[in-house]
Amino acid sequence: MAADIEPPAKKSEDRGVARRTAPRISARKIAAPLRSVAIFGAVGALVAAVALPAYAASKPTDATAQTVQQLAAVDAQSLVVASEATAAPLVRGAFSATTPEEIEKKKAEEAAAAAARAAAAAAASTSTSSSGNFNTAGYALVAPGSGQVRYPLPLGSWNVSRTVGGGHNGADMLAPAGTPIYAAAAGVVRASAESIGGYGVAVMLDSVVGGQRVQTTYGHMLYGSRQVQAGQTVAAGQLIGYVGSTGRSTANHLHFEVWINGGLVEPMSWLSVNAG
């Protein structure tokens, strides 16, 4: 009977042992995941502590101004443009597109202008240097005669090479350089200059002869030889200059023109009828 009762008491001891060991197993199962979370957290904190300062050091702050050269030293393909930069407006007159023909034409025009300036400078120099060479004491100051009209050159000193016709508006009176030139009629000097177009050194007079308006022109004079100025009043036969070969001329001569009431007349015929 005693033997039959003892075994239940042993089972009771086993249940007590089982109850005591069950809570220990549950605590280990909970502690293991918590330990893993703590490890991953520590690793993440370590990564953040290392990476964030390095990233912050590589990125320039807005408060620090840097030049293009400084930025280029870090990143050669970076370019910073100031916000104030604006695009310059294009002005049509500041540039031009030309063809080779237009370029050659422009060069020719510039060369012609330069040549004209050089010729004008040379003419002015010649005029200044030669003006003292004309001593009027060696010449008659008034042409021979007593009429309202006089021959512009001394008689016997000239011969006519051509006269009006074929686009030529006057008579070419060939004479040696330095031959005195006289006013064909009394009047007022309309023009007097060292260069008047193809006339070269020339004088132009406005006169009234026999109630008619007469204009006379004296071209191709020597540089510096003019004896009258624009606006000056001259008498018939007064010395006004000397024969030369300036302007469009190939030989020493006086180009003499006569216009009556605005119409061109043949000068030599007019002189032969009116000069005295």
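Of the 276 residues of the protein chain, 26% count as buried in this predicted model. The accessible surface comes to about 17,800 Å². Carbon and sulfur atoms account for 60% of that surface.

The protein chain holds four helices and ten strands. Read along the sequence, the order is α-α-α-β-β-β-β-β-β-β-β-β-β-α.

Aromatic rings were then examined, and the count comes to two aromatic pairs. Y151 and W158 form a stacked pair. Their ring centres lie 6.1 Å apart, with 25 degrees between the planes. The pair is classed as stacked because the angle falls under 30 degrees. Y151 has 24% relative accessibility and counts as partly exposed.

The rings of Y218 and F256 make a tilted pair. Here the centres are 5.4 Å apart and the planes stand at 45 degrees. Y218 belongs to strand β6, which covers residues 212-221. F256 belongs to strand β9, which covers residues 253-260. The pair therefore ties together parts that are 38 residues apart in sequence. Y218 has 0% relative accessibility, so this residue counts as buried. F256 is likewise buried, at 0% relative accessibility. Burial requires a value under 20%, whereas the 24% of Y151 places that residue in the partly exposed class.

Terms used:
Residues are numbered from 1 along each chain as its sequence is written. This is a predicted model: local features need pLDDT of at least 70, side-chain atom pairs count only at pLDDT 80 or more; totals for chains, interfaces and linings use all residues. Side-chain values use heavy atoms; hydrogens and water are left out. Rings of Phe, Tyr and Trp (its six-membered ring) pair if their centres lie within 6.5 Å; planes under 30 degrees apart count as stacked, over 60 as edge-to-face and the rest as tilted. Buried means under 20% relative accessible area, exposed over 50%, partly exposed in between (1.4 Å probe, protein chains only). Helices (H or I, at least four residues) and strands (E, at least two) are DSSP runs, numbered from the N terminus. Accessible areas come from the Shrake-Rupley method with a 1.4 Å probe; for residues, only the protein chains shown count as cover.
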